[in-house]
Amino acid sequence: MDHLEIFKALSNKARLEILNWLKEPETSFPGQQVFGFEHGVCVGQIQQKAGLTQSTVSEYLSILQRAGLVTSKRVGQWTYYKRNEEAFQVLSQIVQSKI
């Protein structure tokens, strides 16, 4: 896990919002309740909530994934994203050890 990549990924307000939404997907994405959250949240749901273009949201999710903060799963034609909670535990340890 590259610490610099993590902090670069966290340096954008919209990416921070996406991570916050993915922390509690059931609350943040009620429109996906019908399909469940087994695989994560569909990129279309994230895009709709963010109010950004699909290409911008895809780029943001790609940055978050490269930093190890989210994971993705392809199901048919859809891509779903989840927070990587293990990465946030490591991040917490990094921050605590640096202060």
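**The sheet and its surroundings**

Modeller: Happy to. Six bridges join strand S2, residues 70–75, to strand S3, and the two run antiparallel. Please keep in mind as we go that this is a predicted model.

Let us stay with that pair for a moment. Within it, Arg 74 has Thr 79 of S3 as its bridge partner, and Thr 71 stands opposite Lys 82 in S3. S2 and S3 form a hairpin with two residues between the strands, and in this hairpin Gly 76 takes a positive phi near 65 degrees.

Now to the other neighbour of S3. Strand S1 covers residues 41–42, S3 covers residues 78–83, and two bridges join them in an antiparallel arrangement. If you want to find these on screen, look for Val 41, whose bridge partner in S3 is Tyr 81, and for Cys 42, whose bridge partner in S3 is Tyr 80.

Put together, the three strands make an open sheet in the order S1-S3-S2, with antiparallel pairing. S1 and S2 stand at the edges with a single partner strand each, so one side of each has no neighbour in the sheet. As background, side chains in a regular strand alternate between the two faces of the sheet.

Is Thr 79 buried or exposed? Its relative accessible area is 16%, and because the cut-off for buried is under 20%, Thr 79 counts as buried. Besides being the bridge partner of Arg 74, Thr 79 has a side chain joined to the side chain of Arg 74 by a polar contact of 2.8 Å. Leaving aside neighbours within four places in sequence, Thr 79 is in contact with Val 41, Cys 42, Val 43, Ser 72, Lys 73 and Arg 74.

Next, the helices around the sheet. What lies across S1, S2 and S3? That is helix H2, residues 13–23, which runs at about 85 degrees to S3.

Take helix H4, residues 43–50, to begin with. H2 and H4 pack at an angle of about 125 degrees, and their axes are 11 Å apart. That angle makes H2 oblique to H4. Their crossing is right-handed. At this meeting place, H2 brings Ile 18, Trp 21 and Leu 22, while H4 brings Ile 46, Lys 49 and Ala 50.

Then there is helix H5, residues 54–66. The axes of H2 and H5 come within 10 Å and cross at roughly 70 degrees. The two helices are therefore roughly perpendicular to each other. On the H2 side the contact is made by Ala 14, Arg 15, Ile 18 and Leu 19, and on the H5 side by Tyr 60, Leu 61, Ile 63 and Leu 64.

Tyr 60 leads us to one more residue, Asn 12. The side chains of Asn 12 and Tyr 60 are joined by a polar contact of 3.4 Å. Asn 12 is found in the loop between helix H1 (3–9) and H2. With a relative accessible area of 17%, Asn 12 is buried.

Let me finish with helix H6, residues 85–98, where you will find Ala 87. Ala 87 counts as buried, at 1% relative accessibility. From Ala 87 to Gln 47 is 40 residues in sequence, and in space their C-alpha atoms are 23 Å apart.

Phe 88 lies in helix H6 as well. Phe 88 is buried, with a relative accessible area of 18%. Which residues is Phe 88 in contact with, leaving aside its neighbours within four places in sequence? They are Leu 19, Leu 69 and Arg 83. As for Ile 18, it sits 70 residues from Phe 88 along the chain, and their C-alpha atoms are separated by 14 Å.

Note on methods. Residues are numbered from 1 along each chain as its sequence is written. This is a predicted model: local features need pLDDT of at least 70, side-chain atom pairs count only at pLDDT 80 or more; totals for chains, interfaces and linings use all residues. Side-chain values use heavy atoms; hydrogens and water are left out. Two strands pair if DSSP finds at least two bridges between them. Helices (H or I, at least four residues) and strands (E, at least two) are DSSP runs, numbered from the N terminus. Contact means heavy atoms within 4.5 Å. Axes are lines fitted to C-alpha atoms, for helices over the stretch in contact, and angles run from 0 to 180 degrees between N-to-C directions. Buried means under 20% relative accessible area, exposed over 50%, partly exposed in between (1.4 Å probe, protein chains only). A polar contact is a pair of N or O atoms within 3.5 Å; within protein, one must be able to donate a hydrogen and the other to accept it, and residues adjacent in sequence count only if both atoms are side-chain atoms. Angles under 35 degrees count as roughly parallel, over 145 as roughly antiparallel, 65 to 115 as roughly perpendicular and the rest as oblique. A crossing is left-handed if the near helix is turned anticlockwise from the far one by less than a right angle, and right-handed if clockwise.
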